[in-house]
Amino acid sequence: MKRFFYFSWIVVFYSCQGKNNAEGFTIEGKISHASDQTIYLEENSYEAKTPVIVDSATVKNSSFTLQASPKGESLFSLRAGPATYPFALLINDNRKITIEADLSKEDPYLVQGSPASNELLSFRRKMKEEGMKMENAVNQYEHFSQPHISDSISADQKDILKKNSITQYQAAADEMKNFTVDLISKTNSAVVSLYVFGDLQRLFDQFGVKAFSRSESSTLVDKMTNKFPDHPAVLNLRKNTASSKATDFKLPDTSGRLLPLSSLLGKYVLVDFWASWCKPCREENPNVVAAFRKYHQKNFTILGVSLDQNKEQWLQAIRNDSLSWNHVSDLKYWDNEAAALYNVHSIPYNFLVDPGGNIVAENIRGADLFSTLEKFLK
């Protein structure tokens, strides 16, 4: 299991354009602690890739007015003066939107007249709240992992405290995911759906884990596509999350000979990332062994990709766990070439590749491993 990463809240934009909205919209703002500053209205469109300033106004008597006529519903940000990051995010789902802001506050604004903008605000608040819980859990876990912790705490107590940290971390992560999935199901805005889907995954990336498995992503994108069937950015997202070709790689096997993934195609191949030092991997290995024994005569095999550094420890774990399939490793730990290709940030992690070389499932473990293989290997 890879070490946790520290969390920092960074606003990242993901937006797009849809149906025509030639009438435009107006933002009327009241703002504190921004006297005589220029407020910039920036559109964060899928087409432009980077924010584009579409209007600006100087704050007078704590007030400002901004206007824009975008091609369709889009994500906008408000930025004050020379600030690098915006203080507010807005969606033009109404012709008139009002905003109250106080730049001296950490959570500085309120929106009226824009249900979609309030959904974004609710999402950002929730992510910040749960993100802080994740960060605290990370800090606690790493604190009790240090060798210099007082001897007054026994090893068993340290393990309990570390497990509690993992539980707290997972609870916050699950709350984030559930909130996001629920919002995607309820919102009437394609921009909200796309923003929260992408932003949650970027946030999880900071912890070195994936927010959604391939199957979970596919389910969510299908929901978006059903609600917004003609939206270009949604259609592009669906294309990118559909089954994709597995990238070939070639690593040394246990005897030192280079073994390419492509040499195993023609069968279903479970590309299984693990390591001898990874306790969750070793605990999952009996399930993988059972799956191999049940399905290996049904056009199925496994390629174990180890993130080990010590060859003898790697080989000993293969023997001890009875892993009777092909294994490869470049013994480069987290710099493993295949792990980098497949964006693997935590283990155990796996990909199921069909006989044609398409990735058809991801991160399937325990009972999910058997149900997925049963679906493909009837």
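Axes, as used here for helices, are lines fitted to C-alpha atoms over the stretch in contact, and angles between them run from 0 to 180 degrees between N-to-C directions. Helices (H or I, at least four residues) and strands (E, at least two) are DSSP runs, numbered from the N terminus.

## Basis of the model

This is a predicted model, in which local features need pLDDT of at least 70 and side-chain atom pairs count only at pLDDT 80 or more, while totals for chains, interfaces and linings use all residues. Residues are numbered from 1 along each chain as its sequence is written, and side-chain values use heavy atoms, with hydrogens and water left out.

## Helix H2 and its two partners

Helix H1 (residues 115–143) packs against H2 with the axes 8 Å apart and at an angle of about 165°. H1 and H2 are therefore roughly antiparallel to each other, a term that applies to angles over 145 degrees, whereas those under 35 count as roughly parallel, 65 to 115 as roughly perpendicular and the rest as oblique. The crossing of H1 past H2 is left-handed, which is the word for a near helix turned anticlockwise from the far one by less than a right angle, right-handed being the clockwise case. By class, 14 nonpolar, 6 polar and 6 charged residues make up the contact of H1 with H2; here Ala, Val, Leu, Ile, Met, Phe, Trp, Tyr, Cys and Pro count as nonpolar, Asp, Glu, Lys and Arg as charged, and the others, Gly among them, as polar.

Helix H2 (residues 155–186) also meets H3, their axes coming within 9 Å and crossing at roughly 165°, and H2 and H3 are therefore roughly antiparallel to each other. The crossing of H2 and H3 is left-handed. On the H2 side the contact is made by Ala173, Met176, Lys177, Thr180, Leu183 and Ile184, and on the H3 side by Val192, Ser193, Val196, Phe197, Leu200, Leu203 and Phe204, where contact means heavy atoms within 4.5 Å. The residues of this contact of H2 with H3 divide into 10 nonpolar, 2 polar and 1 charged.

## Helices H6 and H9

The axes of H6 and helix H9 (residues 367–376) come within 10 Å and cross at roughly 20°, and that makes H6 roughly parallel to H9. The crossing of H6 and H9 is right-handed. Asn287, Val288, Ala290, Ala291, Lys294 and Tyr295 of H6 make the contact with Leu369, Phe370, Leu373 and Glu374 of H9, and by class these residues of the contact of H6 with H9 are 7 nonpolar, 1 polar and 2 charged.

Grid points are joined across faces, edges and corners, and a volume is the space filled by probe spheres set on the points. The search of the whole structure finds 2 cavities of 30 Å³ or more.

The largest cavity holds about 50 Å³ of space, and its lining consists of Asp272, Phe273, Trp274, Cys281, Glu284, Asn285, Val288, Pro348, Asn350, Ile364 and Arg365. Strand E12 (268–274) and helix H6 (279–295) are the elements that give two or more residues to this lining, and the largest share, 4 residues, comes from H6. The second largest cavity holds about 40 Å³ and is lined by Gly208, Val209, Lys210, Asn343, Val344, His345, Ser346 and Tyr349, which divide into 3 nonpolar, 4 polar and 1 charged.

## The second largest pocket

About 480 Å³ of space lies in the second largest pocket. It has 21 lining residues, of which Gln201, Lys210, Arg214, Asn343 and Glu362 are the closest to its centre. H3 gives the most to the lining of this pocket, with 3 residues, and by class the lining has 8 nonpolar, 8 polar and 5 charged residues.

## Backbone exceptions

Most residues other than glycine have a negative phi, and most peptide bonds are trans. Pro348, in the loop between helix H8 (337–341) and strand E15 (349–353), is joined to Ile347 by a cis peptide bond with omega of about 5°. Asn61, which is not a glycine, has a positive phi of about 55° and lies in the loop between strand E3 (52–58) and strand E4 (63–68).

Key: On a 1 Å grid over the protein atoms alone, a cavity is a set of points where a 1.4 Å probe fits but cannot get out, and a pocket is an open set with protein on both sides within 12 Å along at least five of seven lines; lining residues have an atom within 4 Å of a point.
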